[in-house]
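Subject: Structure handover

Hi,

Here is the structure you asked for. My notes follow below it.

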Amino acid sequence: MKIAVIGDLHYPALNDGIEHIAEAREAFYETFMERFFSVPADLYVSIGDLTNYGKAEELEGIYSIIRKHGKRFVHVLGNHDVYGLPRKEVLEITQQQRFHLLETEEAMLAFIDTTRDQDRENCGGILDPIQQEWLESVVEYSEETPLLVFAHHPVYGTTTKSEEPMHYIHPHVSIQEILAEKQGPGLFVNGHNHFNSIALRKRWTFLQIAAVLDEQAARIIEVSEAMISINSIDLSDPVLRVQGQTIGEAISHFRLMNCQLGTEADLQHVIPLPSRSVVQAAKQAAAVTLK
């Protein structure tokens, strides 16, 4: 199974004073999304902040591009996606689910919503009690099956900048304790901090993806019987980079990084998976021990 993932896209409305970037905006997002959906994959995922302010114009504009490609697409909500409109209206426009579980033969995929509805003062992450209980049940249900969790915000103290104010899921949320109950391998995928980063914590690998205006790339996650592999694919060219710079410099609510976004070690990684025979043998041994 192959999953193609992009970081924060920040598709912007053309507010007063930036009408001059209209041509760059249309060319950039049309070209980038065409290249993204041309990558062979079974599922395509946005890790949130698909839009720059969650306005109806932005949501409808980027979804008009997405829908014409006819691919299986999941949009995890980011804080910018729920600034302009209530979450309920955003979900009505996008026809996405707020949180859900996708089961495949290779792995389980959990998509969660870590946003604060229309909170323009606090861009940090949170997880409401309903989702905490749901995620806890998913972790338990997954047992030794690989579990991939997709969220906009990182878990505190994992990836780059995840200890800075409003750059993580708030520590009062028990997500670390919930994830710690996982019996098999886990992969947590997030955006928000605009840096590439990979961090390892016991059974979990934490993967963070940079913003698209800074780096025109996608992450390819492939799950096989033997491993979960993470690789980066470059979708840029000189024209696309200039267009991304033009948009990033013109829009509000976004700041280009203009620095190194991580190292090569933050772009690729392999998570070995125990063979099913080994897992089955462990289960049988545990059953015998309990007797």
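A contact here means heavy atoms within 4.5 Å. With that cut-off, and leaving aside neighbours within four places in sequence, Thr 114 is in contact with Gly 124, Gly 125, Ile 126, Leu 127, Ala 151, His 152, His 153 and Ile 169. More on that residue below. Please keep in mind that this is a predicted model.

**Overall picture**

The protein chain holds seven helices and 12 strands. Its radius of gyration is 19 Å, close to the 19 Å that the globule rule gives for 291 residues, so the chain is as compact as a globular protein of that length. Along the principal axes, the C-alpha atoms fill a box of roughly 75 × 35 × 35 Å.

Of the 291 residues, 54% count as buried. The chain exposes about 13,000 Å². Carbon and sulfur atoms supply 50% of that area.

Strand β9 covers residues 204-208. How many of its five residues are buried? Five of the five are, and the strand is mostly covered. Trp 204, Phe 206 and Gln 208 point one way from β9. Thr 205 and Leu 207 point the other way. Residues on both sides are buried.

β9 pairs with β7 and with β8. Strand β7 (residues 186-190) runs parallel to β9, and five bridges join the two. Strand β8 (residues 197-201) runs antiparallel to β9, again with five bridges. Trp 204 has a residue opposite it in each pairing: Gly 186 and Arg 201.

β8 and β9 form a hairpin with two residues between the strands. In that hairpin, Lys 202 takes a positive phi near 55°.

His 10 has phi near 55°, a positive value in a residue other than glycine. His 10 is in the loop between β1 (2-6) and α1 (22-38). Asn 258 has phi near 50°, also positive and also not a glycine. Asn 258 is in the loop between α6 (238-250) and β12 (269-272).

Asn 258 has a relative accessible area of 63%, so it is exposed, being over 50%.

**Buried loop residues**

His 80 is found in the loop between β3 (73-75) and α3 (87-94). Its relative accessible area is 10%, so His 80 counts as buried. Not counting residues up to four places away in sequence, His 80 touches His 10, Asp 49, Thr 51, Asn 52, Tyr 53, Gly 54 and His 253.

At 3% relative accessibility, Thr 115 counts as buried. Leaving aside its neighbours within four places in sequence, Thr 115 is in contact with Leu 77, Gly 78, Asn 79, Val 82, Arg 87, Ile 126 and His 153. Ile 126 and His 153 are in contact with Thr 114 as well. Thr 115 and Tyr 83 are 32 residues apart in sequence and 9.8 Å apart in space, C-alpha to C-alpha.

Ala 211 is found in the loop between β9 and β10 (217-223). With a relative accessible area of 0%, Ala 211 is buried. Not counting residues up to four places away in sequence, Ala 211 touches Asp 8, His 194 and Phe 254. Ala 211 and Leu 77 are 134 residues apart in sequence, and their C-alpha atoms are 15 Å apart in space.

Best regards

How values were computed:
Residues numbered from 1 in each chain as written. Predicted model: local features only at pLDDT ≥ 70, side-chain atom pairs only at ≥ 80, totals over all residues. Heavy atoms only, no water. Helix = DSSP H or I, 4+ residues; strand = E, 2+ residues; numbered from the N terminus. Rg over C-alpha atoms; globule rule 2.2 N^0.38 Å. Buried < 20%, exposed > 50% of the residue type's maximum accessible area, 1.4 Å probe, protein only. Areas by Shrake-Rupley, 256 points an atom, 1.4 Å probe, with all protein chains shown as cover. Pairing = 2+ DSSP bridges.
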